[in-house]
Amino acid sequence: MMEQFHYPLPDGSEIVVPKYKHVPAGIARKARNQHVGNQIWTFLEELLTPAQLEPLDALTVEQFGEFAQAWQKDSTVKPGESSASSTS
């Protein structure tokens, strides 16, 4: 099973998504031509069910931004970097 990222929500529940570094490349490909602000929604809509998206929809824009930053920061992979390129 792929590693998961757990993020606590203000209502006491949590959102669980695959760690950012485990997002399938095909999802990133689908989002590649989108505005940066829309890319994360493409990722989430591909990874989560509508019921799993509901708690995110209830967040304020600021709270959602905090979630997005935490999810990306949790990963050791930065855009444009892979484990193969980081060891060369």
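**Reading helix H2 and its neighbours**

Guide: In this predicted model, the axes of H2 and H4 come within 12 Å and cross at roughly 80 degrees.

Visitor: How are H2 and H4 oriented to each other, roughly parallel or roughly perpendicular?

Guide: Angles of 65 to 115 degrees count as roughly perpendicular, and H2 and H4 are therefore roughly perpendicular to each other. The contact is made on the H2 side by Ile40, Trp41, Phe43, Leu44 and Leu47, and on the H4 side by Phe64, Phe67, Ala68 and Trp71. By kind, the residues of this contact divide into nine nonpolar, no polar and no charged.

Visitor: Which residues of H2 are buried, and what do they pack against?

Guide: An α-helix has 3.6 residues a turn, so residues three or four places apart point the same way. In H2, the buried residues are Ile40, Thr42, Phe43 and Leu44, and the buried residues of this helix pack against strand S2 (14-18) as well as helices H1 (25-31), H3 (50-57) and H4 (61-74).

Visitor: What does the span of H2 come to?

Guide: Helix H2, which covers residues 36-47 and has 12 residues, reaches 18 Å from its first C-alpha to its last, close to the 16 Å expected at 1.5 Å a residue.

Visitor: In which sense do S1 and S2 pair, parallel or antiparallel?

Guide: The two strands pair in the antiparallel sense over five bridges, with His6 standing opposite Val16 in S2. S1 and S2 form a hairpin with five residues between them, and in the turn Gly12 has a positive phi of about 95 degrees. Strand S1 (residues 4-8) has a covered face made of Phe5 and Tyr7, while Gln4, His6 and Pro8 make up its uncovered face.

Technical notes
Residues are numbered from 1 along each chain as its sequence is written. This is a predicted model: local features need pLDDT of at least 70, side-chain atom pairs count only at pLDDT 80 or more; totals for chains, interfaces and linings use all residues. Side-chain values use heavy atoms; hydrogens and water are left out. Helices (H or I, at least four residues) and strands (E, at least two) are DSSP runs, numbered from the N terminus. The expected span of a helix is 1.5 Å times one less than its number of residues. Buried means under 20% relative accessible area, exposed over 50%, partly exposed in between (1.4 Å probe, protein chains only). Contact means heavy atoms within 4.5 Å. Axes are lines fitted to C-alpha atoms, for helices over the stretch in contact, and angles run from 0 to 180 degrees between N-to-C directions. Angles under 35 degrees count as roughly parallel, over 145 as roughly antiparallel, 65 to 115 as roughly perpendicular and the rest as oblique. Ala, Val, Leu, Ile, Met, Phe, Trp, Tyr, Cys and Pro count as nonpolar, Asp, Glu, Lys and Arg as charged, and the others, Gly among them, as polar. Two strands pair if DSSP finds at least two bridges between them.
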